[in-house]
Amino acid sequence: MKLFKSFLIVISIFSIPFSVFAVDKSFPNDKVTMWGDYSGITLDVKLIGGAPYDPLYEVMIPIWEEKTGGKVSILSKKSHFELDKEIKQDIAAGNISYCVVSNHTSFATQYGDIYRDLNGIVPGDFLSEFVPLVLDHSTVDGRLVQLPQHSDVSNLWYIKSIYEDADNKKRFKAEYGYDLAPPETLEQWKEQAIFWSDPPNFYGTQYVGKEEAITGRFYELVIAEGGALFDDEWRPTFNDEAGQRALQWFVDLYNAQAVPAGVLNYLWDETGLGFASGTVALNLDWGGWGAYFNSEDSKIGGDVGLVRFPMGSGGKRGGWSGSHTYSILNGCPDENLEAAASLIWILTNHEAQMHEARGGKLPTMNRVWDDIASEMNAEGNAFMSDLFSTFKASMAEDAFTPPLIPEWIPFSNIIFPELQAAIVGDKTVKEALDAAAKETDYLMQDAGYY
Amino acid sequence: MNRKFFSSPAILLLPSILAIGFVIIIPLIFSFYTSFTSYKLTRPDSLFNFVGFRNYERLIDNAKFWAAFGRTILFLAVVLNLELLFGLGIALLINKITWGQRTLRTIMMFPMMFSPILVGFQWKYIFNDNIGLLNNFLYLFGYESAIPWLIDKYLAMGSIMVAEIWANTSIFAILLLAGLLGIPRDPIEAARVDGCNSWQVFKNITLPFLMPFIFIALTIRSLDVGRAYDIVHIMTGGGPAMRTELLWTMIARIGYKDANMGFANAMSYVSIILSIAFTYYFFTKLVAARRELGQQ
C-alpha cells in the first residue's frame with residue numbers, strides 16, 4: 001500500500017508542472033519556429049516513457065498534431081534500458097524505418113550510423129540556442145545525431161532541519177572536531193553519513209547500487225579522486241589508487257550501515273522515494289526530483305537543502321552527466337523528414353524546456369537557464385531559484401560525460417558486478433578492480449583500440 | 001520415389017512441416033550458426049564474421065558462466081523438489097475435501113494467473129529491506145535490524161526461490177490432483193481391509209500410481225525453471241555481485257544489453273545441455289514408473 005501510494009505520488013508530482021502551467025500555443029518565446037503543413041503524414045516514433053517523460057508528450061504532441069495536421073504514431077514507449085534493447089533488436093532485424101526515437105548521449109554511440117545528421121535538417125538559428133558543450137556531447141563522429149531535451153547532473157540534497165539543530169551541531173563538533181555543515185568533501189560526506197545513521201530507522205546517505213547507475217557514480221568519484229577510467233590509449237586505469245579510494249568510499253559506507261542494507265538493488269526511483277520518505281539525511285540526485293522533494297507530498301517538503309557535489313581528494317567534484325535527446329533515423333522517408341524535424345523541435349524548444357524546468361529538469365538552452373531563474377525569482381520561489389543556480393554552476397564547471405564510445409554499456413556490465421562484489425565483501429577493493437580491469441582490457445582489445 | 005514424395009499423407013503433412021521448419025528449425029539453425037560468429041546486434045555485417053569455435057573456447061574458461069551454470073542447477077534442484085513437496089501436500093489435502101473442492105482448486109490456481117513480471121515486482125517489494133512488508137512485519141515483533149533479503153549471499157537466492165515456488169507450486173498441485181482423482185479405489189480399499197495404515201497406503205499404492213504424473217510435472221517444470229528469467233530479472237537482475245545470476249539472466253544481458261549475440265548464442269547452446277539432461281532423466285524415470293504400473 002505504501003508502495004502504491006508512493007507510485008501515485010510520483011505520477012502526480014511529475015504531472016504537476018504540466019497541469020499547473022498551461023502552454024502558450026503561440027510559442028512567443030521561441031525565436032525559431034518549425035511549423036508546417038504535414039497533413040497526411042504520420043510519423044512513427046519510439047519514445048522513452050514513464051512518469052517523468054510522458055507529461056511532455058501529452059502536452060506537446062497534441063499541439064503539434066493540431067497545428068501541423070500531421071499525426072504521431074507511438075510504436076513503443078518504455079524505459080530507456082528497455083528501449084535500448086529494442087533498438088538493438090530493430091537494428092539486427094533491419095527494422096529501423098521509423099522516424100523519431102528517444103536517445104541519450106551515453107547510449108547513442110552504440111548504434112552505429114543509423115541516425116541522420118541533424119545539421120542541415122534543423123535550422124542553425126535553432127541549434128545556436130543550445131549550450132555548445134551539450135551539442136558537442138550530442139555529436140558522434142562529427143555528426144549531430146541527437147537534439148538534447150534536458151540534461152542530467154547530480155548534486156547533494158540534504159534535510160535542512162537536522163543540520164540546524166543545536167544539539168546535533170554540538171554532538172557532531174565533539175565527535176569530529178569541526179562545525180556541522182553540509183559536506184564539502186567526500187570525506188566529510190562519509191563522516192556525516194555515519195554520524196546521522198540510525199539503522200533501520202534512519203540512514204546517513206544512499207547510492208544507486210546496480211547497472212550503469214553505480215558505474216556512473218563510481219566513475220565520477222574516480223574523477224573526483226584525481227583518477228580516470230582509461231588512459232589515452234583506452235587501457236583501463238580505474239584500478240589505480242584513485243580508483244581504489246573511490247570504491248573504498250562505497251565500501252566504508254556500506255560496512256558502517258550508513259546506507260540502507262538493500263542499496264545494491266536500488267535505482268533512481270528507490271533513492272528518490274527513499275529521500276522523500278524522510279529516512280535519509282543526504283541524497284545525491286538530479287534536479288528532476290527537486291519540485292517533488294520540496295512539495296507537500298514529500299515528508300521533507302519545505303525542509304530540503306542543496307549543495308554542490310562534494311570534492312574528492314583530487315580537488316575535483318563529481319559531475320557524471322548526460323542528456324536525454326531525440327534523434328531522426330536514416331530510415332525515416334525523405335518526405336517525412338521535415339515533419340520529423342518539426343516534431344523534435346516542439347519537444348526541445350524553449351516552451352518545452354521551460355515546462356520541464358518548472359519541475360526541476362535541467363535545460364539545454366542558454367536562454368532557458370536565464371528565463372527559468374527570472375521566473376522563479378519573480379515568483380519568490382527561493383528553493384527553485386537556488387536549485388537552478390546550483391545546477392547551473394555544476395553544468396558549467398563540473399559536468400563531464402562518460403566516455404562517448406560504443407563500449408560504455410558493455411564496460412558498465414563488466415565493472416558493476418565487481419563493484420558490488422567489493423561492497424558486499426566478496427572481494428577486496430583491489431581484487432574487484434583488478435578483475436574488472438582485466439576483463440575490460442579484453443573488451444577494448446576485441447574492439448580494436450589497441 | 002516421386003509418387004511416394006507427393007503422396008496424399010506427405011502433402012497433408014506439408015503445411016505442418018513447413019510451419020515447424022519456419023518457426024523452429026530455421027531459427028535454430030540460424031542461431032546455431034551465429035554462435036560461430038562474432039555477431040553483434042548493432043553491427044549486422046558482423047553476422048558473416050566467422051570465428052570458428054572461439055566463442056565456445058572462451059566459454060570453457062569463463063568462470064562466471066560456469067558459476068551461473070552451477071547456480072542454475074542448484075536453483076532447479078531446490079525449486080523442483082520443494083514445488084513437488086508442497087504441490088503433493090496441497091493435492092492430497094484438496095483430494096480429502098468433500099465440500100468446496102472446486103472453489104479451492106480455482107483459488108489454488110490464482111498465482112499461476114499472474115504474469116511472472118508481476119510476481120517479481122510483488123515479491124521484490126515484499127522483500128525490500130526498507131519499505132518491504134516482511135521487514136516491517138518483523139519490526140512489529142521487536143526485530144531491530146533491516147534484513148537485506150535481496151542482497152545477502154544466501155537469502156537473495158532463497159527469496160527468489162520463494163517467489164518462483166509461490167507462483168508455480170499450483171502446477172504440481174493441479175497435475176497431481178488429476179492423478180489422485182484417477183487412482184482406482186479398489187486397491188486402496190483392499191489394502192485398508194488388509195490392515196494397512198494411511199502411510200502404507202500412500203507409500204505402496206497412491207505414490208506408485210502418482211509417479212508418472214510426478215515425472216510429467218517435473219519434466220514440464222524443469223524446462224520452465226531452467227529458463228527462469230523474468231522473476232530473477234525483476235527481483236535482483238542477477239545481482240548483487242552475481243549472487244543470483246542464473247544462465248538466462250546472464251545470456252540476456254550479454255545478448256541484448258552488450259548486443260553480443262554470437263557469444264550469447266554459444267552460451268545458450270551449452271545451456272540447453274542442462275534442459276536436455278533433466279528432460280532425459282525425468283523421461284527415463286517416467287517410462288520406468290509406467291512400466292512398474294504395467295502401462296506401456
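Two strands pair if DSSP finds at least two bridges between them; strands (E, at least two residues) and helices (H or I, at least four residues) are DSSP runs numbered from the N terminus. In chain A, five strands form an open sheet of mixed pairing, in the order β2-β1-β3-β10-β6. The model is predicted: local features need pLDDT of at least 70 and side-chain atom pairs count only at pLDDT 80 or more, while totals for chains, interfaces and linings use all residues. Residues are numbered from 1 along each chain as its sequence is written, and chains are lettered from A and ligands numbered from 1 in the order in which they are written.

**The sheet of chain A**

- The edge strands of this sheet are β2 (71-78) and β6 of chain A, each of which pairs on one side only.
- On average, neighbouring strands of the sheet are turned by 20° against each other, direction ignored; axes are lines fitted to C-alpha atoms, for helices over the stretch in contact, and angles run from 0 to 180 degrees between N-to-C directions.
- Strand β3 (residues 100-104) of chain A runs antiparallel to β10(A) and is joined to it by five bridges; V101(A) stands opposite S327(A) in β10(A).
- Strand β10 (residues 322-328) of chain A also pairs with β6(A), in the antiparallel sense over five bridges, and here G322(A) in β10(A) is the bridge partner of D152(A).
- Strand β6 (residues 147-152) of chain A is mostly covered, with six of its six residues buried; a residue is buried if 20 or more other C-beta atoms lie within 10 Å of its own, exposed if 12 or fewer, and partly exposed in between, with C-beta atoms placed from the backbone.
- Helix α13 (residues 337-348) of chain A lies across β1 (42-48), β2, β3, β6 and β10 of chain A, at about 160° to β10(A).

**The two domains of chain A**

- Chain A is divided into domain 1 (2-153 + 321-397) and domain 2 (155-320 + 407-446), with bounds from an automatic or database domain assignment.
- The centres of domain 1 and domain 2 of chain A, taken over C-alpha atoms, are separated by 28 Å.
- In chain A, 25 residues of domain 1 are in contact with 19 residues of domain 2; two residues are in contact if their C-beta atoms, placed from the backbone, lie within 7 Å.
- On the side of domain 1 of chain A that touches domain 2 of chain A, α1 (2-20) and α16 (382-397) of chain A each supply at least two residues, and the largest share, eight residues, comes from α16(A).
- That side of domain 1 of chain A has 12 nonpolar, 10 polar and three charged residues; Ala, Val, Leu, Ile, Met, Phe, Trp, Tyr, Cys and Pro count as nonpolar, Asp, Glu, Lys and Arg as charged, and the others, Gly among them, as polar.

- Chain B has 14 helices and zero strands.
- Of the 296 residues in chain B, 35% are buried.
- The C-alpha atoms of chain B fill a box of roughly 75 × 75 × 35 Å, taken along the principal axes.
- The contact between the chains takes 30 residues from chain A and 25 residues from chain B.
- Helix α13 (residues 247-257) of chain B gives the most to the side of chain B that touches chain A, namely three residues.
- By class, this side of chain B has 13 nonpolar, seven polar and five charged residues.

**A glycine in chain B**

- G132(B) is placed in the loop between α7 (116-126) and α8 (133-140) of chain B.
- G132(B) counts as buried because it has 22 C-beta neighbours inside 10 Å.
- Not counting residues up to four places away in sequence, G132(B) touches Y125(B), I126(B) and F127(B).
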